[in-house]
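Notebook open. I want to write down what I looked up in this one, entry by entry.

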Amino acid sequence: MNYDFSVGFWRKRGLKAAIDRKEDSQTWAGHSLRKLPADCFAMQKLLCQCRPQVLVELGSQYGGSALFFASFAREAGMEAIVSVDVVDLPKPSVPIATFITGDSSAPEVAAKVKALVGNRTCSVIVDSNHHAEHVDKELALYAPLVSPGQALIMEDTLVDVLNFKKFRAEGGPLRSIGKYMPSHPDLELAPGIEPYITTNYFGYWIRKASAP
Ligand SMILES: C[S@@+](CC[C@H](N)C(=O)[O-])C[C@H]1O[C@@H](n2cnc3c(N)ncnc32)[C@H](O)[C@@H]1O
């Protein structure tokens with residue numbers, strides 16, 4: 001499977017303008033949420049379609065995103081959120097969320113997450129350290145948790161699309177996606193989800209419902 005991960009001029013321009021305006025520094029119910037509003041809509045749309053029993057989030061930061069996901073949990077059929085961050089920052093109380101402090105690339109942390117998911121259906125959002133070397137490890141550890149018909153959301157491919165200096169040598173999530181997806185054809189880009197302006201170009205994936 002060959003993918004074309006190029007992004008057109010105007011979409012890049014729009015993204016750059018949104019980032020310059022810090023439109024990805026939002027709050028949800030008063031708590032920091034690091035996402036563009038259009039990505040929040042895309043995520044709730046996709047998760048309400050997939051209806052995972054458990055949502056795994058890598059990169060909790062201040063917990064605003066977990067609070068956001070929890071706000072539509074009932075409608076999405078979500079029972080639990082498991083959110084990992086290497087730093088234990090202050091967070092709001094999110095009754096359905098379990099926050100784990102640890103390095104998401106550590107096999108023992110992944111084992112804890114896997115145990116909490118159990119045999120429930122699971123979607124995964126990858127939003128921690130965006131360096132390709134780290135994202136490669138996260139894909140290897142957590143993509144297998146994504147059940148058939150469920151979502152894998154890879155955040156902040158913008159670091160590749162806009163060629164951020166810090167990521168130029170090693171690459172970011174898009175480089176990892178380009179490496180991982182060709183050998184995992186049961187993961188497909190989710191149709192009708194990606195916003196025109198997004199920090200997550202080519203970041204919305206879904207595992208084919210018929211996958212084993
Ligand atoms: C972009 S922020 C997450 C934003 C949050 N998901 C949101 O939407 O509001 C990235 C987070 O990843 C965390 N992080 C960085 N390296 C990590 C690692 N190795 N394991 C787990 N979390 C990590 C950082 O501490 C930071 O809180």
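Ser65 first: I listed its contacts (C-beta atoms, placed from the backbone, within 7 Å), leaving aside neighbours within four places in sequence, and got Leu33, Lys35 and Glu57. This is a predicted model, so I kept in mind that local features need pLDDT of at least 70, side-chain atom pairs count only at pLDDT 80 or more, and totals for chains, interfaces and linings use all residues. Numbering runs from 1 along each chain as its sequence is written.

Ser65 lies in helix α3; helices (H or I, at least four residues) and strands (E, at least two) are DSSP runs, numbered from the N terminus. Buried or exposed, I asked of Ser65? Ser65 is buried, with 27 other C-beta atoms within 10 Å. The cut-offs are 20 or more such atoms for buried, 12 or fewer for exposed, and partly exposed in between, with C-beta atoms placed from the backbone. I also checked Trp28, which is 37 residues from Ser65 along the chain; their C-alpha atoms are 7.5 Å apart.

Next, the ligand. I found 19 residues around it, with Gly59, Gln61, Ser65, Ser128 and Asn129 coming nearest (near means a C-beta atom, placed from the backbone, within 6 Å). Two or more residues of the shell come from each of β2 (31-33), α3 (64-71) and β4 (80-85). Sorted by class, I get 4 nonpolar, 10 polar and 5 charged residues; Ala, Val, Leu, Ile, Met, Phe, Trp, Tyr, Cys and Pro count as nonpolar, Asp, Glu, Lys and Arg as charged, and the others, Gly among them, as polar.

Then β4. Why call β4 largely enclosed by the rest of the structure? Because 6 of its 6 residues are buried. I looked at both faces: Ala80, Val82 and Val84 are buried on one side, Ile81, Ser83 and Asp85 on the other. β4 runs parallel to β3 (residues 54-58), with 5 bridges between them, and Val54 has Ala80 as its bridge partner. β4 also pairs in the parallel sense with β5 (residues 97-101) over 5 bridges, where Ser83 stands opposite Phe99. Pairing takes at least two DSSP bridges.

Helix α8 (residues 173-180) got a look too. I count it as largely enclosed because 6 of its 8 residues are buried. Those are Pro173, Leu174, Arg175, Ser176, Ile177 and Tyr180, and they pack against α6 (132-142), β7 (151-154) and α7 (158-161).

Last, the whole chain: I see 8 helices and 9 strands, and buried residues make up 44% of the 212 residues.

Key
Two residues are in contact if their C-beta atoms, placed from the backbone, lie within 7 Å.
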